[in-house]
Amino acid sequence: MLPWPFRLTDDVKPGGILICSVVSSEEYMESLRINDPALTIALALGVGIVAQVIARHLRIPGIALLLGAGVLLGPDFLGIVVPDSLGQALQTLVGFAVAIILFEGGMNLDIRRLRREALVIRRLVTVGALVTMVGGTLCAKLILGWAWIPSILFGTLVIVTGPTVITPLLRRLRVNHKLATVLEAEGVLVDAVGAVVAVVALEVAISPSGTAMALAGPDLLLRMGFGTLVGIAGGFVIAWALRTRGVVPEGLENVFALGLALIVFQLSHVFVHESGIVAVVVAGLVVGNIKTRALGDLREFKEQLTVMMIGMLFVLLAADVRIVEVQALGWAGVLTVIALMFIVRPLNVLAGTYGSDLTVREKLFLSWMGPRGIVAAALASLFSQELNGRGIEVGQELRAMVFLVIAVTVLV
């Protein structure tokens, strides 16, 4: 192989002399790209774990290194992690990984503590989510200058927060039980609510009509309700099997729970599209609050599995974003993130905590803790794929903006 910027052409001079031509850097990097799906997954898994090990030693959020690793290994630089090589399997892989992460998140929620802070949690997940959606929409419209449809889609995407970022930070910061409960519950539950709202908004945006808009509300309630019912049923089945002696042989409890959690997720999704996230969160909540002989080991197993899934997903999804797309957002993109952090998030918390017994300092802390995480990244990639597949060009710009929000909110 000739060194860049030269390549061989098909032209041959008399005497057997080959003709070289100059190629661009983009063409050269494309020629070096390794389109190996197995290598892409292996590297995403391995590098994802290594990055989080290093982050633990440096005492910084793992996502900070994961995003950098994904970009470095992706097509923009080394070209050895190529998410496009996975094709449609990428979304299936992302779906299962998100299901595992949110099942573990649901297991960590204590119903007794949720009841004590039910008022604030309920408001943050409903009224607060609405404030974030409207605020995010207006930021995209007024600052970025986007049309209304992509602005609304962006507003729905930033509803979700980042339990995979918040939980490790809370363990390190020794926050009081009240704030820890509110933040953990908001992170897990608003991910389920936000994901369903975002998908419904995407479907309306793809096929806008009066009927689609009129059915958006009932469709949202159907998905939430069906997912909740399937999650409750699935959670009780898993818990019953783990609790009843002789049903699951000793040593197989963890993989048994994992397998059934994925069935709950996919079964709900098959019957009612995109209801699986709600189902798997509720199933995790049920399993985590019923005492079984294997609950401690199951939590430890799921936590380690979640770390692996988070690492893999962030490397894959970060590699799928082009740097030039993020750069194209310019200062307007940065100002949009700042507005989300310092205007929209405090308004969200103000609406969600109105009338509660939280102090001003506690409300300020809640306002500061609004990082976005893996669910926002996964949804942004799904939106980009769906919109691009239908010839709507805003998909890549939308994904780039969401990843900018993730990077800045996590690092800050």
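Colleague: What is the handedness of the crossing of H6 and H7?

Modeller: This is a predicted model, and everything I say is computed from it. The axes of helix H6, residues 118-144, and helix H7, residues 148-157, come within 7 Å, and the crossing of these two helices is right-handed.

Colleague: How do the residues of the contact of H6 with H7 divide by type?

Modeller: On the H6 side the contact includes Thr 132, Met 133 and Gly 136, while on the H7 side Trp 148, Ser 151 and Phe 154 are among the residues taking part. Sorted by type, the residues of this contact come out as six nonpolar, six polar and one charged.

Colleague: And what is the arrangement of H6 and H14, roughly parallel or roughly antiparallel?

Modeller: H6 packs against helix H14, residues 323-353, with the axes 8 Å apart and an angle of about 155°. Since angles over 145 degrees belong to one class, H6 is, relative to H14, roughly antiparallel.

Colleague: Why is H7 described as largely enclosed by the rest of the structure?

Modeller: Buried residues of H7 include Pro 150, Leu 153, Phe 154 and Leu 157, and among the elements covering the buried residues of this helix are H6, H9, H14, helix H16 (374-389) and helix H17 (395-411). H7 is called largely enclosed because the number of its ten residues that are buried is seven.

Colleague: Is Glu 274 buried or exposed?

Modeller: Glu 274 lies in the loop between helix H11 (253-271) and helix H12 (276-288), and its phi is near 60°, a positive value in a residue other than glycine. Most residues other than glycine have a negative phi. The relative accessibility of Glu 274 is 19%, and because the cut-off is under 20%, this residue counts as buried.

Note on methods: Residues are numbered from 1 along each chain as its sequence is written. This is a predicted model: local features need pLDDT of at least 70, side-chain atom pairs count only at pLDDT 80 or more; totals for chains, interfaces and linings use all residues. Side-chain values use heavy atoms; hydrogens and water are left out. Axes are lines fitted to C-alpha atoms, for helices over the stretch in contact, and angles run from 0 to 180 degrees between N-to-C directions. Helices (H or I, at least four residues) and strands (E, at least two) are DSSP runs, numbered from the N terminus. A crossing is left-handed if the near helix is turned anticlockwise from the far one by less than a right angle, and right-handed if clockwise. Contact means heavy atoms within 4.5 Å. Ala, Val, Leu, Ile, Met, Phe, Trp, Tyr, Cys and Pro count as nonpolar, Asp, Glu, Lys and Arg as charged, and the others, Gly among them, as polar. Buried means under 20% relative accessible area, exposed over 50%, partly exposed in between (1.4 Å probe, protein chains only). Angles under 35 degrees count as roughly parallel, over 145 as roughly antiparallel, 65 to 115 as roughly perpendicular and the rest as oblique.
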